[in-house]
4 protein chains.
Amino acid sequence: MNSVARVTIWNEFIHEKINPEVSAIYPHGIHQCIAEFLGRSDEIETRTATLEEPDHGLSDEVLQSTDVLLWWGHKAHDKVSDEIVKKVHKRVLEGMGFIGLHSAHYSKIFRSLLGTECSLKWRDDGEKERLWVVEPSHPIAEGLGEYFELPQVEMYGERFDIPTPDKLVFLSWFEGGEVFRSGCCWEKGHGKIFYFRPGHETFPIYHDPNVQKVLLNAVRWAAPKFWGKHECPRRDPLETIG
Amino acid sequence: MNSVARVTIWNEFIHEKINPEVSAIYPHGIHQCIAEFLGRSDEIETRTATLEEPDHGLSDEVLQSTDVLLWWGHKAHDKVSDEIVKKVHKRVLEGMGFIGLHSAHYSKIFRSLLGTECSLKWRDDGEKERLWVVEPSHPIAEGLGEYFELPQVEMYGERFDIPTPDKLVFLSWFEGGEVFRSGCCWEKGHGKIFYFRPGHETFPIYHDPNVQKVLLNAVRWAAPKFWGKHECPRRDPLETIG
Amino acid sequence: MNSVARVTIWNEFIHEKINPEVSAIYPHGIHQCIAEFLGRSDEIETRTATLEEPDHGLSDEVLQSTDVLLWWGHKAHDKVSDEIVKKVHKRVLEGMGFIGLHSAHYSKIFRSLLGTECSLKWRDDGEKERLWVVEPSHPIAEGLGEYFELPQVEMYGERFDIPTPDKLVFLSWFEGGEVFRSGCCWEKGHGKIFYFRPGHETFPIYHDPNVQKVLLNAVRWAAPKFWGKHECPRRDPLETIG
Amino acid sequence: MNSVARVTIWNEFIHEKINPEVSAIYPHGIHQCIAEFLGRSDEIETRTATLEEPDHGLSDEVLQSTDVLLWWGHKAHDKVSDEIVKKVHKRVLEGMGFIGLHSAHYSKIFRSLLGTECSLKWRDDGEKERLWVVEPSHPIAEGLGEYFELPQVEMYGERFDIPTPDKLVFLSWFEGGEVFRSGCCWEKGHGKIFYFRPGHETFPIYHDPNVQKVLLNAVRWAAPKFWGKHECPRRDPLETIG
């Protein structure tokens, strides 16, 4: 990592433009809200990108200068070009951190990174969620208590079709009776991946101080200290053969 | 699993047709050689499929009636259609076992399942390989001793760009000085995946009794006992909300 | 595994003798109840052992002829001799399956196998538990639906101090607001370990058909196909040195 | 972690006093050699402890003020008191980093932390070892190339009886034909554990610059950012029951 982590927040940025309920909560878009609270840290330099920009705002230049990419998408997963998905995927394998937010579980890029369907159960009834900290010593849980609550959320329930996480940081309890692996870490190539469940567009999730703390911690955790290309070279023997 | 595992062996089937050295070892193709020795088990029913067949021999009907798919490819990874790769991937997540053979490390389907580059170092100098059994109690190691040797192989060396295997069964020592994670297990969705390193076209690897034993064990291990579709349904609450 | 799995059910067998509420549910002890329902399967041969027997009923002969050991303890963990714990531990590493039941999370043998404190939160208020199946294709989940419920249980809540399970099969939701990793698998040496949370003495948990199904599945899963001693031998080189 | 990691290097300190060959290489003991090169970093404050000191030099006060403990033992594993092993183990679960060195694979504390026999094959013929970096982006591999070599070592060969490492950083190739998982990471409780294979007493392993780099990296990686006690409290419900 550079002394400053260069963070790009990607948002499909559709709900905010068509649903007044959403724009009331995120007047400049979810991406700007996240950029604003992450940017308060002097370790972090933020930038945003959205679906409708050329290359969805993810040109080679942007990807080459991004340490951690956060991804929010929901309505328009299929509008994201396969070519850009491939480039983002490649960059993660080279070292770029990736943080999948809420409905990004079903984005092309998240499913491509994990290699699974990433399906789940859901319900948008505005119930209570309590996130239990399973690994208090994990960097992403730094500064949190034993649990924190969100008063009104969309529910995501198990079975969540993911590969067994390398580390499970949060487990959610839902008022309506479900549970969920809400904070999951994986490593792929040289890149770190974190999925964080909370984040719906019609509830002010990204205004919650604990959610903000988790995402700040996650950016620090996912920021790479090593970048590497992947090649498949022929090599001469190091010892005599035969 | 049905009492009999329905196994499909896929082979790009190119080397055997253009290189007499290869056809001398595998006169009917690598796929037929593997089908022949697996088929000796009365628990296994074999079928083959190759690149040049319609749908590469992997029609919906074939995939729907395959318990375990073995994959050999090398020269023509990019000739495999993306649509078929997606279908195979989906079927693995529903439960179908997948066994990647040797140079299949770089096939579209294997990389798509693992989500990594799967790059490695290589050398085709015909050196000795010794495969050490790291997990003697794993079903895939059944009936093997502490190690077995292959007198002449293509070398694959670390770093192998894969996600940490759920279980590492074999580790290879090479005469020329490298090491390799040669037998690796993962689970994705409801399907089991095994990668087995040995298997070059110009050495009679698939005629080796230990290699044959490993592949027979691997088919038994990967054969599904459970099939499931992946869906993302809305669900009513199980408890009262509010 | 022999065609028949030889199962020993160990119980400290104290509550049943001093608490009429418990003996009303388990008149012959928890161990006999478990032996009875497991023994209905013609694949399983049961035997029981209790704290007060010589060697706690776990003589060398018993351990040498046990494929899977189930362990229930609560009040008297410290009464179990360190010598027997060592013998059981050694036998698990040689291949014997081990199933820790409910309050066995705090037994010497379970903590010794996992190497962690295995601490948790608890509450004995008779609330509802719903166990979600996280891995429907795991053998231990065979025949279960998406979840099952227990109307009245002692609650165990996270953080459960365990090493990350190799496979997490069940996640519990509790009426009182907690969650728990209720079905966890590990492998140590050549032995398989399963922890199953439900099982309190004052609720008829082991009379529940789903609980019985889980334990039957777990015995099948944990039954060894391979036994091996652990030695640390000097070995001559396989290649010329120098 | 404090800005400075407080490191204690434990050594049984026997070979150096009875074998001139060893004292020629480590005139003040292996512990002093390690303390010396780690202490060159201004992030690290070193201290040593040996078997013959009261409490083996590991009083409660020392353990309470140690961030990372390195352990070297070989001839006298059984001379280490069970009580001290329990205290060290408990402290690791609370957050203290632990680095097992070479023959410490068979120490009471290492086996107790991992819960396995930790047996392996060995040979003391002074052969060449090549350590391949499997995870170049892991902090413990920082600053290393694709591999490094040690000209003369004691060989350790698979099967190494350990639980599957959370992360495998180094794989060794030996001249005599074996392989070994030489750099392995685990987490237990709140503590991080690293095992590093090289380190024999009659070869100047701890004078090797790459070995020194690995141990410095490992100390940084294992130094805790979080300390926590483990308790098993009753908790009132957070939601209404019944």
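**Close-up views of the chain interfaces and salt bridges**

**Figure 1. The contact between chain C and chain D.** In this predicted model, 41 residues of chain C are in contact with 41 residues of chain D, contact meaning heavy atoms within 4.5 Å. This is a predicted model in which local features need pLDDT of at least 70 and side-chain atom pairs count only at pLDDT 80 or more, whereas totals for chains, interfaces and linings use all residues. Residues are numbered from 1 along each chain as its sequence is written, chains are lettered from A and ligands numbered from 1 in the order in which they are written, and side-chain values use heavy atoms, with hydrogens and water left out. The size of an interface is often given as the accessible area lost when the parts come together. Chain C and chain D bury about 3300 Å² between them, 55% of it on carbon and sulfur atoms; buried area is the accessible area (1.4 Å probe) that two parts lose on being put together, summed over both. On the side of chain C, the residues that lose the most area to chain D are C:Trp122, C:Cys232 and C:Ile241, together 16% of what that side buries.

Figure 2. D:Arg234 pairs with C:Asp125 in a salt bridge whose closest N and O atoms are 3.1 Å apart. Chain C and chain D also have 22 residue pairs in polar contact, both residues at pLDDT 80 or more. A polar contact is a pair of N or O atoms within 3.5 Å; within protein, one must be able to donate a hydrogen and the other to accept it, and residues adjacent in sequence count only if both atoms are side-chain atoms. The elements α5 (82–94), α6 (108–114) and β5 (121–133) of chain C each supply at least two residues of the side of chain C that touches chain D. The largest share, 5 residues, comes from β5(C). Helices (H or I, at least four residues) and strands (E, at least two) are DSSP runs, numbered from the N terminus. By class, the side of chain C that touches chain D has 12 nonpolar, 13 polar and 16 charged residues; Ala, Val, Leu, Ile, Met, Phe, Trp, Tyr, Cys and Pro count as nonpolar, Asp, Glu, Lys and Arg as charged, and the others, Gly among them, as polar.

**Figure 3. The two-fold relation of chain A and chain B.** A rotation of 180 degrees with 0.0 Å of shift along its axis superposes chain B on chain A (RMSD 0.0 Å), so the two copies are related as by a two-fold rotation axis. In chain B, the C-alpha nearest the axis belongs to B:Gly115, 2.8 Å from it. The same surface serves both copies, as 100% of the contact residues of chain B recur in chain A. Copies are superposed by least squares on the C-alpha atoms of residues with pLDDT of at least 70 in both. A salt bridge joins the side chains of A:Asp125 and B:Arg234 (3.1 Å, N to O).

Figure 4. C:His138 is buried, with a relative accessible area of 11%; buried means under 20% relative accessible area, exposed over 50%, and partly exposed in between (1.4 Å probe, protein chains only). Residues up to four places away in sequence not counted, C:His138 touches C:Lys167, C:Val169, C:Cys185 and C:Trp221.

**Figure 5. A salt bridge between chain C and chain B.** The side chains of C:Arg235 and B:Glu146 meet in a salt bridge (2.6 Å, N to O). The pair crosses between chains, from C:Arg235 in the segment after α7 (209–222) of chain C to B:Glu146 in the loop between β5 and β6 (147–157) of chain B. C:Arg235 is partly exposed at 27% relative accessibility, and B:Glu146 is partly exposed at 36%.

**Figure 6. Salt bridges within chain D.** D:Glu83 forms a salt bridge with D:Lys87, the closest N and O atoms being 3.8 Å apart. Because they lie 4 residues apart in helix α5 (residues 82–94) of chain D, D:Glu83 and D:Lys87 are separated by about one helical turn. D:Glu83 is exposed, with a relative accessible area of 53%, and D:Lys87 is partly exposed at 30% relative accessibility. Another salt bridge links D:Arg123 and D:Glu127 (2.9 Å, N to O), and both of these residues are buried.

Definitions and conventions. A salt bridge is a side-chain nitrogen of Lys or Arg within 4 Å of a carboxyl oxygen of Asp or Glu.
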